[in-house]
Every structure is written in C-alpha cells, then in structure tokens.
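Good morning, and thank you for coming. Please look at the structure on the screen while I describe how its parts are arranged.

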Amino acid sequence: MSNNLLKGKRGVIFGALDENSIAWKTALKVHEEGGKFTLTNAPIAMRMGKINELAKTCGAEVIPADATSEQDLNNLFTKSQEILGGKLDFVLHSIGMSPNIRKGKEYGDMNYEWYLKTLDISALSFHKVLQTCEKLDALNEYASVLALSYIAAQRAYPDYTDMAQAKAMLESIARSYGQRYGVKKKVRVNTISQSPTKTTAGAGISGFDVFFDYADLMSPLGNASAEDCANYIVVMFSDFTRMVTMQNLMHDGGFSSSGITDNLVQRLTK
Ligand SMILES: NC(=O)c1ccc[n+]([C@@H]2O[C@H](COP(=O)([O-])OP(=O)(O)OC[C@H]3O[C@@H](n4cnc5c(N)ncnc54)[C@H](O)[C@@H]3O)[C@@H](O)[C@H]2O)c1
C-alpha cells in the first residue's frame, strides 16, 4: 500500500547488491512511495548484474561509482541531476566493507593498509558523498542524507574488528557534516543504527548467526528486518521528519535500551 510519501522527490541510492541488501529493499519502497532515483554501486559489484533487474523494476538508471573516488562521485551526482531533472531530495549511503574481516583477520593482527581501506570505504566515503553534493550544490533544502550504522560504534563486538571504528567515524561525520549542511542549506544528515540483518555484508562477519539470535532475544520487538529498515528510511526521506538531523537513530527493536530480557533469561536458565 502506497501513501505517496515521496511523490516528486529525487535521489540516489548506493549499495543494492542483491535482493537481501537493505538498499535493495529501500529502492523498492521508495519506488512504491513515488520517489525517483538513480541506483549506484562499485563497478566491481556491477559484474553480478543483479542491480539491472532492480533498475528495471523501479524504472531507475544505474550509474557505477566507487564511493571512495571523488571523480566517480562527481560524475554520479552530476549525471543523476541531469537524468532526474533537478536537484536531489534524498541520498542513501548503504556501504560497508572490511578487507580485514573478509580475510578473517583478528583484532590483534590487523593489516593496516586494509584497515585504512575499511575506513575509506565504510566511513570516509560518506564525507566524500556529502562534500561532493555540497560542491555541486546538488541537494535541495531539507534534503535528507542517510547512512547505515551498527551498535558496534558504541559497544565492543570481538568479530566486528575495524568496522567498529568505521561506524564510529561514520556517525561522527553525520554530526559534523549535519551541522555544517544544516546551517548552509537546511540539509539533514543522520545515521540509522540497524539490527543485525542477513545480507552479504552481515553474513561476512564470523559468528553472525549467534549475535543475530542474541540480538533477537535481547530486543523486546525482536530484530528489525531489512524491510522494516526500508520503511524507516522512507519516513526519514519524507517531509514528516524535516527537523531531525545530526542523529544516530536506533532501529533495533529496543536492543540498545535493554539490559537483559525474559527471553534471554529463559534461554540461559539451566
Ligand atoms: N547486515 C547487517 O547486519 C547490518 C547491520 C547494521 C548496519 N549494516 C550496514 O548496512 C549497510 C548495507 O549493508 P547490507 O547489510 O545491506 O549488505 P550488502 O552487502 O548487501 O551491502 C553492502 C554494499 O556496499 C557496497 N560497496 C562495497 N564497497 C563499495 C565501494 N567501494 N563503493 C561503493 N559501494 C561499495 C557493496 O557492493 C554492497 O552493495 C552497510 O553500511 C552495513 O554496514 C548492516
């Protein structure tokens, strides 16, 4: 059921790799709610060809961009405005990758070149997106820019390794750039801290199934699904949240405010 919450709005959605991706579900919801957008992903991810299926369903064009490349981002935001016919109202940064996690490196044995890559891809790219938009004056007043985060920015998780620092940096960029862009152009910048979700990026973390189940038991509402996240993103892109900026918004079924739950007590009672 559509409420046309995003009718007349234009944007860019990063990170739809396959049908499990949070960005994939978001693209479908934004389309359903009347928003128009371009889709983008790293050229290497394009090889899977899946994104073209999504583009067809949503009537969107695909523009490859490595989110760490200022040149690619410049091209992406210039072309997106041409294709969509004006300045943009929303941007979703749904990007995360750690070479250290991919290669199974422990936190006491980090490869620092890869560590920097993790930070560049998963956090600094958000600054690059915002700076590119500002320089091109690509966003309308009250545009909404979102990135996806995880609670490992605030709490220690052994297997999340260098991604924890990337998420802390991502959330910090949302605050700093949100302040700047709010004053300059009334643009809103936020992060959404999402429950563990079964996607390619999520499942890449060792022990994922265990902390997925743990979070589910610790959340009064249970884990938020990728589809729930897509719904929240639509609301954050809509005019109903015009005064929300510089926030890290917990979208986790209550996990972050729970000490322990009856569900977990029952599970652990011998
Ligand atoms: N899955 C979870 O448990 C979970 C929980 C909280 C937050 N998140 C965050 O949600 C976001 C989306 O992840 P997802 O779970 O949908 O997984 P996903 O694997 O479907 O999406 C990650 C995306 O990042 C893209 N990407 C990687 N390097 C890139 C680059 N250099 N340039 C452009 N794009 C690049 C990938 O191609 C992929 O599309 C990430 O920021 C992730 O950290 C995920």
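Let me begin with a definition: axes are lines fitted to C-alpha atoms, for helices over the stretch in contact, and angles between N-to-C directions run from 0 to 180 degrees. Helices (H or I, at least four residues) and strands (E, at least two) are DSSP runs, numbered from the N terminus. The model is a predicted one, in which local features need pLDDT of at least 70 and side-chain atom pairs count only at pLDDT 80 or more, while totals for chains, interfaces and linings use all residues. Residues are numbered from 1 along each chain as its sequence is written.

I turn to a first pair of helices. Two packed helices are described by the angle between their axes and the distance between the axes. Helix α1 (residues 22–32) packs against helix α10 (residues 226–237) at an angle of about 55 degrees, and their axes are 8 Å apart. Angles under 35 degrees count as roughly parallel, over 145 as roughly antiparallel, 65 to 115 as roughly perpendicular and the rest as oblique; α1 and α10 are therefore oblique to each other. Which residues of α1 meet α10? They are Ile22, Lys25, Thr26, Lys29 and Val30, and their counterparts in α10 include Ala226, Ile233 and Phe237. Contact here requires that the C-beta atoms of two residues, placed from the backbone, lie within 7 Å. The residues of this contact of α1 with α10 divide into 8 nonpolar, 2 polar and 3 charged. In this scheme Ala, Val, Leu, Ile, Met, Phe, Trp, Tyr, Cys and Pro count as nonpolar, Asp, Glu, Lys and Arg as charged, and the others, Gly among them, as polar.

Next, the sheet. The open sheet is formed by 7 strands in the order β3-β2-β1-β4-β5-β6-β7, with parallel pairing. Its edge strands, β3 (61–62) and β7 (248–251), each pair on one side only. Two strands pair if DSSP finds at least two bridges between them. Strand β2 (residues 36–40) is joined to β3 by 2 bridges, and β1 pairs with β2 over 5 bridges. Thr38 takes part on both sides: Thr38 stands opposite Glu61 in β3 and is the bridge partner of Val12.

Is β1 enclosed or open to the outside? 5 of the 5 residues of β1 are buried, so β1 is largely enclosed by the rest of the structure. A residue is buried if 20 or more other C-beta atoms lie within 10 Å of its own, exposed if 12 or fewer, and partly exposed in between, with C-beta atoms placed from the backbone. Arg10, Val12 and Phe14 point one way from β1, whereas Gly11 and Ile13 point the other way.

Finally, two residues deserve a separate look. Asn4, in the segment before β1, has a positive phi, near 50 degrees, and is not a glycine. Asn4 counts as exposed, because 11 C-beta neighbours lie inside 10 Å. Lys186 lies in the loop between α7 and β6, and its phi is also positive, at about 60 degrees. Lys186 is partly exposed, with 15 other C-beta atoms within 10 Å.
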